[in-house]
Amino acid sequence: MEPQAPPRSLAAYREAVASLPFGKVLPTAVYVLDLPESPVPENLRTIANRLRERLQLGPEFNLLKWGTLELKLSFLAYPTFEDEAHPALKEAVSIDLASGSVRRVSYADRVNPPILHRKETFLPEGHPDHVRYRKLTEAEEAAGLYEETATIGFRRNWENLLRSKRVAIQGHRLVPLAEEDPEDQKAINLAAVKIERHRTALSRAGLSMPVRTLLDNGILRQIDTFFDYGCGLGDDVASLQVLGYRASGWDPHYAPAELKRESEIVNLGFVLNVIEDPAERVEVLVDAWSHARRVLAVSTLVAGRENYSHADAFEDGLVTVRNTFQKHFEPGELAGLIEHALHAEAIPVELGLCYVFREIGDQQDFLSRRTRRVIDWEQIHQRLRLLKPTRVRLSLYDRHLELLEDFWKTLVDLGRLPRPEEYERIEELREARITANQAARLFVEKYGEEPLSEARQRRREDLLVYLAAGEFQKRRTPFVRLSNSLRLDIKAFFGHYAGACDEARELLFASGDSDEIEAAITDLEFGWFDASQGHFTIHRSLIDSLPAILRIYIECAAQLYGDPRQADLIKLHVYSGKLTFLHFDDFDGKTLPELVTRVKIDLRRLFVLVVDHSDGETHQILFFKERFLPADYPGRESIEQYSKRLRKLGINESMLGPNDQGAPSREEFESALEQVGLTRGLARKPKTR
Ligand SMILES: C[S@@+](CC[C@H](N)C(=O)[O-])C[C@H]1O[C@@H](n2cnc3c(N)ncnc32)[C@H](O)[C@@H]1O
């Protein structure tokens with residue numbers, strides 16, 4: 001039988017993963033044992049087989065982890081899967097199916113490797129080992145070993161728990177713990193070594209690197225709360241407070257009396273590397289994450305930068321002459337620890353620094369701000385060679401594969417040929433005797449004309465939006481004052497500057513014409529149009545999907561307001577030349593988010609009105625928030641389910657009235673629920689006596 005083609009869209013991929021008939025389902029992935037005869041959808045098997053072949057991954061990579069939120073597949077090697085009740089991970093190879101990047105991490109020497117539980121869940125039901133594994137799980141459940149699961153995914157943490165419950169595992173059986181356990185002695189020895197962790201804290205003259213990146217990347221905003229977990233002497237907190245941020249911190253030595261506060265942004269800065277007990281590292285990481293509403297920034301020292309005159313090896317790190325412990329994390333080690341401990345993706349930001357996002361939408365926003373590239377599934381296939389390339393001069397291509405792919409990335413980023421000064425590896429290309437033109441021709445031969453013309457079109461449109469916003473401000477930067485690469489862009493896409501500005505001005509006029517705006521909105525398949533008010537509202541993640549004239553409309557308001565992506569919803573007032581940015585309390589996290597601030601901008605009068613809704617007598621909540629969201633918004637299904645239940649209770653969209661003014665306030669809604677005995681989640685309240 002012909003192997004089935006891999007899924008061609010993200011939706012088809014998700015559907016295929018969702019249709020896996022067995023496997024352990026965790027928040028971000030489904031894990032399955034890769035058995036040749038197991039009923040895995042054929043198109044997923046095709047992806048896995050081709051990647052196995054390409055990356056030369058043998059059968060020792062026996063578990064597959066299919067990302068459910070991200071296009072990500074990991075091959076995991078658990079060599080003792082059959083023999084050990086809780087086998088440890090030896091190696092992981094993760095492939096980002098979107099970018100094609102591959103990360104390979106070895107866990108072979110880890111003192112506290114990730115381990116598996118509930119092994120039967122990785123197998124199809126009729127598998128011969130299913131019953132044996134399930135029986136062990138049932139015994140473990142009965143012994144209370146799964147009551148608190150946040151840290152049991154690591155060997156040391158699991159062993160600590162077994163000891164505390166006075167049980168042990170022999171083969172696939174749970175047995176009472178023998179009285180004398182040498183492991184107990186080991187734990188006592190560890191406690192006897194008095195490491196003086198607090199002596200690692202430094203007095204800082206400026207902000208620490210992780211906190212600086214949070215500001216530079218626009219992650220930490222004035223409206224956010226910030227919590228420094230393990231804040232040391234507290235210099236980051238103090239500096240942020242001076243800058244007007246709502247910052248607080250806690251440290252077991254320097255600030256033990258402070259509260260550990262749940263905050264939008266939590267920083268765990270250079271704390272994990274001073275903790276000598278690997279099991280405690282996991283606990284601290286999990287605890288810090290539980291306080292982060294939006295982003296956790298985790299930083300550690302990195303291997304290769306050790307600089308001690310004398311230090312002794314201890315556990316998986318070093319004890320210095322000052323009696324402090326330091327662990328220098330290998331590349332990929334921190335990300336691996338985060339991903340296994342938190343079941344969330346770790347986004348590497350700098351060496352030794354990862355961000356973890358609560359919402360995948362936020363993570364995507366962050367990533368798309370860093371690169372302008374739009375991911376195209378067809379290209380992904382090509383990059384992964386899941387489809388056969390078209391005619392390619394194989395010899396040249398194969399010899400310089402990595403270099404060419406790197407050049408093509410720049411080519412697609414810019415939408416045009418880079419100038420020598422715009423491409424850092426130009427010398428390598430020269431040495432390989434490949435001209436930029438030749439490299440571009442090879443790209444077209446391999447992928448066809450389309451990806452490049454799309455990239456050109458996208459960059460051209462981005463430039464028009466940028467120029468139109470300048471025209472709106474009546475500020476046209478003289479051509480010679482533009483950056484070199486902007487000048488090159490303008491020449492490549494428009495020929496000359498005056499022509500580009502004229503085109504931008506025309507679009508600017510169009511964006512001030514309500515008929516044009518109305519026509520542009522009519523064509524869209526997303527967003528919420530309130531016909532009675534002439535309001536069109538979208539979630540911020542949809543800005544880039546708008547046509548140029550609507551982006552210009554928003555960009556003009558942004559000149560008076562700042563980054564529109566800081567708002568949760570953007571409301572275009574189609575007929576009056578106004579725009580409102582709406583901020584909610586945890587819009588992405590809550591099904592019924594509460595309105596906090598409304599910023600209304602009058603583009604004709606250049607007037608900005610800010611209204612604070614947070615401390616009124618009643619609070620406005622947003623019903624049916626799916627109206628504004630993209631189709632692939634994470635968690636959309638559960639939002640829709642909630643709305644369905646609301647409708648059953650007699651609350652529907654038509655009752656909200658113009659501008660949602662007829663919607664009940666939080667207080668009214670809660671009291672109505674109280675009367676019918678429902679919780680805010682619309683579940684029946686337990687009866688109290
Ligand atoms: C190298 S300092 C970093 C301080 C601060 N985050 C900075 O970047 O300047 C490490 C800090 O971690 C703290 N620490 C030690 N064990 C901790 C734990 N279990 N939880 C939180 N912080 C801890 C120490 O007291 C010390 O202040």
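Predicted model: local features only at pLDDT ≥ 70, side-chain atom pairs only at ≥ 80, totals over all residues.
Strands of a sheet pair through backbone hydrogen bonds, either parallel or antiparallel. Here six strands form an open sheet with mixed pairing. Their order is β10-β9-β11-β12-β17-β16. The edges are β10 (246-250) and β16 (346-350). Each has a single partner strand, so one side of each is left without a neighbour in the sheet. From one strand to the next, the twist averages 20°.

Strand β17 covers residues 353-357. It runs antiparallel to β16, and four bridges join the two. Within this pair, I347 stands opposite Y355 in β17.

A helix lies across the sheet strands. Helix α8 (residues 278-290) lies across β9 (225-229), β11 (263-269), β12 (292-299) and β17. It runs at about 145° to β12.

Next comes a helix pair. The axes of α16 (residues 450-472) and α18 (residues 497-511) come within 8 Å. They cross at roughly 75°. Angles of 65 to 115 degrees count as roughly perpendicular, so α16 is roughly perpendicular to α18. On α16, the contact is made by L463, L464, L467, A468, E471 and F472. On α18, it is made by A500, C501, E503, A504, R505, L507 and L508. Ten of the contact residues are nonpolar, three are charged and none is polar.

Conventions. Residues numbered from 1 in each chain as written. Pairing = 2+ DSSP bridges. Axes fitted to C-alpha atoms, helices over the stretch in contact; angles between N-to-C directions. Contact = placed C-beta atoms within 7 Å. Parallel < 35°, antiparallel > 145°, perpendicular 65-115°, else oblique. Nonpolar A, V, L, I, M, F, W, Y, C, P; charged D, E, K, R; others polar.
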